[in-house]
Amino acid sequence: MDVLTPRTLEEALTLKAVRPEAVPIQGGTDLMVSLNFDHLRPEVILNLNEVAELRGWSRENGVLRLGAGLTYTELLHGEVAEALPVLAEASRTVGSPQIRNRGTIGGNLGTASPAGDALPPLLVEEAEVELASTRGTRRVSLGEFLVGPKQNALSQDELIAAVVVAPSRQPQTFMKVGPRNAMVISVCSLALVADREHGELRAAYGSSGPVVGLVRAPLDEVGSFAERVAAAASPIDDVRGSAAYRRHALGVLAARALERCLA
Amino acid sequence: MKIALTVNGEAREADVWAGESLLTALRDRLELPGSKNACEQGECGSCSVLLDGVPVCSCLVLAAQADGHEIVTVEGLARDGDLHPVQAAFADAGAVQCGFCTPGLIVATDDLLRRSPDPTDDEIREALSGNLCRCTGYAKILDAVRLAAAR
Ligand SMILES: Cc1cc2nc3c(=O)[nH]c(=O)nc-3n(C[C@H](O)[C@H](O)[C@H](O)COP(=O)(O)OP(=O)(O)OC[C@H]3O[C@@H](n4cnc5c(N)ncnc54)[C@H](O)[C@@H]3O)c2cc1C
Ligand code: FES
Ligand code: FES
């Protein structure tokens, strides 16, 4: 096994092009678990921690570009949290302080779990993912990026560079159901935006289908929206909860979220 | 592979396996067994250290990622053989039974008190939410944090 530690994005992309089998590591909060338990024995690990371009965030013409290496702790406060309160709320529910200090949005996208808590907020805010390789960069909508459970649209030679989002600045919230307040994988979760500007309701559910799913409806159909969200999900029975419970809980979360956002 | 890092203020080098965690490197290569290995999956916090001043689970940091960085372990908190005030408070409050969780709690508590010298109970609970204890019970641990803050 080998660890490669590039210092620039260009160097990282060159390494990924030459060694497409290299497995990227950012915060390590998903990948290290697989390494520690021998579920994964990659030949090459690509350590992205020293790539300055992946860190931090920037803003241009009201559009935010969140570096793949942005941690949950960095998303909790400040300007990004003000622009994307739904993402800040979700970040607050992730793991523990130690996990939030290391875990990144790029890693959440890389893992592409239906339980990834950054995903529903980014989906309701219609985020795009910026993918980079030595061939250039491309942007795909988050919906297109998440192709299946723990599967994403990355090509072998690509890295996630950033998440690009034009904040709606409309009333929004995130809710998560779990057995306790800290350190829980969600049983189900919901992000909702009441987009008055576009006369639209958007909700995204987590842990309730093979991928995080988005539901849209005109604002004047608010009466049936909670039911519609519950009906759109395709949850399964597993150790964390039954399909029937998840569907019911999603309806309850959607109704509460609407109350919160339309008050 | 070789890594060079600062541990508890001292420049150190270690020869690590590429796939091993910082926790393994600290315990097995650098002879710092203070950080404990209980779950190796980020759930218990007994391996907590400061990485560039920020509390992290050392079991979830690749040792190679610590190359060129600064680590503080529980061993780095005591000065000249005297207990650190947070350590003394844990001992005095009876917040230690088997002691396995204690190093991680000490690191997390010290970080909390540096950021917030007079924390509310909610802040304490939040700051320690990534640290599990299976024997003492959290009431005495909260007492210890309050005692350390008061001192
Ligand atoms: C105790 C614990 C609690 C947790 N709680 C939660 C929770 O509440 N909610 C939640 O959503 N998650 C949770 N997680 C999972 C994890 O913290 C998140 O998924 C986190 O966002 C992963 O980010 P990372 O930077 O640590 O990823 P890493 O482990 O570094 O990487 C994750 C995956 O993404 C790939 N990757 C990383 N960066 C890139 C990149 N730039 N380009 C391409 N691929 C990349 C890696 O190859 C890997 O496959 C928890 C994990 C632990 C251990
Ligand atoms: S050993 Fe690292 S969190 Fe449990
Ligand atoms: S004292 Fe034994 S685990 Fe906390």
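This is a predicted model: local features need pLDDT of at least 70, side-chain atom pairs count only at pLDDT 80 or more; totals for chains, interfaces and linings use all residues.
**A note on the two interfaces**

1. Between chain A and chain B the count is one salt bridge.

2. On the chain A side, two or more residues each come from β1 (2–4), α2 (31–36), β3 (44–47) and α6 (97–102). The top contributor is α6(A), with six residues. Sorted by class, this side of chain A holds 12 nonpolar, 10 polar and five charged residues.

3. As for extent, 27 residues of chain A and 32 residues of chain B take part in the contact. About 2,200 Å² is buried between the two chains, and carbon and sulfur atoms give 57% of that area.

4. Now to the inside of chain B, which is divided into domain 1 (2–77) and domain 2 (85–150). Their centres, taken over C-alpha atoms, are 21 Å apart. Here 16 residues of domain 1 are in contact with 13 residues of domain 2.

5. The two domains of chain B bury about 1,100 Å² between them, 66% of it from carbon and sulfur atoms. In domain 1, the residues losing the most area to domain 2 are B:K36, B:V74 and B:L77, together 36% of what that side buries.

6. Zero salt bridges are counted between these domains, while three residue pairs, both at pLDDT 80 or more, are in polar contact. Strand β3 (residues 48–51) of chain B supplies the largest share of the domain 1 side, three residues. By class, that side has seven nonpolar, seven polar and two charged residues.

Technical notes: Residues are numbered from 1 along each chain as its sequence is written. Chains are lettered from A and ligands numbered from 1 in the order in which they are written. Side-chain values use heavy atoms; hydrogens and water are left out. Domain bounds come from an automatic or database domain assignment. Contact means heavy atoms within 4.5 Å. Buried area is the accessible area (1.4 Å probe) that two parts lose on being put together, summed over both. A salt bridge is a side-chain nitrogen of Lys or Arg within 4 Å of a carboxyl oxygen of Asp or Glu. A polar contact is a pair of N or O atoms within 3.5 Å; within protein, one must be able to donate a hydrogen and the other to accept it, and residues adjacent in sequence count only if both atoms are side-chain atoms. Helices (H or I, at least four residues) and strands (E, at least two) are DSSP runs, numbered from the N terminus. Ala, Val, Leu, Ile, Met, Phe, Trp, Tyr, Cys and Pro count as nonpolar, Asp, Glu, Lys and Arg as charged, and the others, Gly among them, as polar.
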